[in-house]
Amino acid sequence: MESWDVFRSYSRRRQHQCRQIRRKYKDYSNMELKCCLMKMIGFVVFLLVSSSLVSPVQSTSETSIVNDKPRNETQSFRPGDEVQRLTRIRQHLKKINKTPIKTIQSVDGDLIDCVLAHQQPAFDHPMLRGQKPLEEPERPKGHEREGKIYEESFQLWHVEGEECPIGTIPIRRTNEEEILRASSIKRFGRKRRKFVRRDSSSSDHEHAVGYVSGQQYYGAKASINVWSPKVANPYEFSLSQMWVISGSFGDDLNTIEAGWQVSPELYGDNYPRFFTYWTSDAYQATGCYNLLCSGFVQTNNRIAIGAAISPTSSYKGGQFDISLLIWKDPKHGNWWLEFGSGVLVGYWPSFLFTHLRDHASMVQFGGEVVNSRAGGFHTSSQMGSGHFSGEGFGKASYFRNLQIVDWGNSLISLSNLKVLADHPNCYDIRGGINNVWGNYFYYGGPGRNVRCP
């Protein structure tokens with residue numbers, strides 16, 4: 001086994017032991033955490049020393065098979081690389097995991113840190129440093145606000161009644177294993193570069209979406225049906241979201257995104273999780289999921305972005321959806337996110353963007369799946385409920401009450417919704433309109449099947 005694989009295996013065992021400490025002591029001390037980390041570091045030192053003392057024995061025929069020339073010790077093992085990578089990981093964790101005033105253990109294993117709002121990752125950005133979250137913006141006209149919103153039932157970490165104090169925000173803690181699963185520290189928390197669908201061309205990202213374009217848009221709203229689709233490959237994901245888009249669909253593409261996703265690579269499990277995303281350069285170097293980089297400013301103390309959603313919909317059973325509104329504040333120009341009917345989550349400062357500083361040129365709703373074609377076959381990762389749109393309510397996944405925000409900061413119904421599925425034999429979509437759901441569509445599918453080999 002390679003030295004890094006040995007360390008990764010050992011790291012996972014140590015992580016499990018650390019979690020046991022965390023479960024026993026919800027507000028565990030720094031000393032206990034340092035103990036776990038020091039044991040990991042001690043093992044790395046032992047591994048590096050022992051590896052440098054033992055030279056691998058390899059026959060001439062074996063070396064020729066590997067690379068047609070003898071491998072020296074430097075080529076086969078570089079002890080400094082592992083130490084440097086571990087150091088970089090710890091530095092990155094220290095940057096994104098802010099010091100909490102309270103820590104909550106979720107029933108799904110997550111640790112939710114209650115961090116002072118002005119100390120959240122967003123304020124590491126040079127243009128936000130030293131600032132505090134803004135006050136509530138003006139809501140779009142035509143937006144109905146209800147009374148009490150029971151958002152605590154929306155996520156698993158609220159099950160035992162715990163919550164973060166006023167003046168703090170809940171942040172899901174990132175651990176070493178999650179960064180190790182990424183291709184690099186630099187790419188951790190970012191999407192693979194891709195292009196948003198505007199035609200039927202194909203890539204490893206497959207979509208079933210409804211969209212509007214051709215006008216100036218200042219926001220969008222929808223209710224999104226939540227499921228727990230099966231994801232076949234640890235490096236694939238399945239999501240359902242809204243996109244607010246501007247740019248030329250080249251390197252200058254700007255997007256703001258929110259919805260739910262199942263991503264084993266990012267989170268290490270198969271729970272559907274509430275997420276946000278943004279980019280101002282087509283997913284190249286800017287933007288990230290949730291609060292994993294400076295950008296999105298959270299203002300809510302009861303919703304943890306990246307935390308698991310509960311409950312979820314069931315086939316032929318109860319249906320559960322979440323309502324999301326993204327809109328541009330006409331006074332300050334920032335893009336705000338609201339959950340339900342009145343719960344502000346936070347905002348994306350307008351300076352993060354180029355084209356979206358003014359308005360969006362497209363709004364998109366729907367599902368997306370990564371198809372890695374493992375073994376040469378189409379993925380069996382599900383989109384939505386894992387069933388085709390034709391099965392309808394209680395079986396297929398849906399978006400309902402689709403609206404956009406116009407130049408006058410008013411919510412209006414869509415008049416020209418188009419629907420598109422990249423691979424309709426794998427995942428499909430069909431739209432409609434009625435007096436109860438307004439503009440809506442059903443979408444999704446099982447992925448690989450007899451018509452989708």
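The protein chain exposes about 20,200 Å², and carbon and sulfur atoms supply 52% of that area. The model is a predicted one. Buried residues account for 55% of the 453 residues in the protein chain. Its secondary structure comprises seven helices and 18 strands. Of the contacts in the protein chain between residues at least 6 apart in sequence, 73% link residues at least 24 apart.

Strand 6 is joined to two other strands in what follows. Nine bridges connect strand 6 with strand 7, residues 254-262, and the two run antiparallel. Within this pairing, Ser246 has Asn254 of strand 7 as its bridge partner. Strand 13, residues 360-370, is also antiparallel to strand 6 and is joined to it by eight bridges. Here Val363 of strand 13 stands opposite Val244.

Trp243 belongs to strand 6 as well. Its relative accessibility is 0%, and a residue counts as buried when this value is under 20%, so Trp243 is buried. In sequence, Trp243 lies 32 residues from Tyr211, while the C-alpha to C-alpha distance between the two is 9.2 Å.

The backbone has some details that deserve a look. Most residues other than glycine have a negative phi, and most peptide bonds are trans. Phe249, in the loop between strand 6 and strand 7, has a phi near 65 degrees, a positive value in a residue other than glycine. Phe249 counts as buried because its relative accessibility is 14%. Asn290 also has a positive phi, near 55 degrees, and is likewise a residue other than glycine. Asn290 is placed in the loop between strand 8, residues 273-279, and strand 9. With a relative accessibility of 7%, Asn290 counts as buried. A further detail concerns the peptide bond from Ser310 to Pro311, which is cis, with omega near 5 degrees. Pro311 sits in the loop that runs between strand 9, residues 297-298, and strand 10, residues 321-328.

Asn290 leads on to the cavities. A search of the whole structure finds three cavities of 30 Å³ or more. The largest cavity has a volume of about 150 Å³. Its lining consists of 15 residues, and those nearest the centre of the cavity are Arg172, Thr174, Asn290, Leu292 and Ile305. Two or more lining residues come from each of strand 3, residues 168-172, and helix 7, residues 264-267. By class, nine residues of the lining are nonpolar, four are polar and two are charged.

Conventions: Residues are numbered from 1 along each chain as its sequence is written. This is a predicted model: local features need pLDDT of at least 70, side-chain atom pairs count only at pLDDT 80 or more; totals for chains, interfaces and linings use all residues. Side-chain values use heavy atoms; hydrogens and water are left out. Two strands pair if DSSP finds at least two bridges between them. Helices (H or I, at least four residues) and strands (E, at least two) are DSSP runs, numbered from the N terminus. On a 1 Å grid over the protein atoms alone, a cavity is a set of points where a 1.4 Å probe fits but cannot get out, and a pocket is an open set with protein on both sides within 12 Å along at least five of seven lines; lining residues have an atom within 4 Å of a point. Grid points are joined across faces, edges and corners, and a volume is the space filled by probe spheres set on the points. Ala, Val, Leu, Ile, Met, Phe, Trp, Tyr, Cys and Pro count as nonpolar, Asp, Glu, Lys and Arg as charged, and the others, Gly among them, as polar. Buried means under 20% relative accessible area, exposed over 50%, partly exposed in between (1.4 Å probe, protein chains only). Contact means heavy atoms within 4.5 Å. Accessible areas come from the Shrake-Rupley method with a 1.4 Å probe; for residues, only the protein chains shown count as cover.
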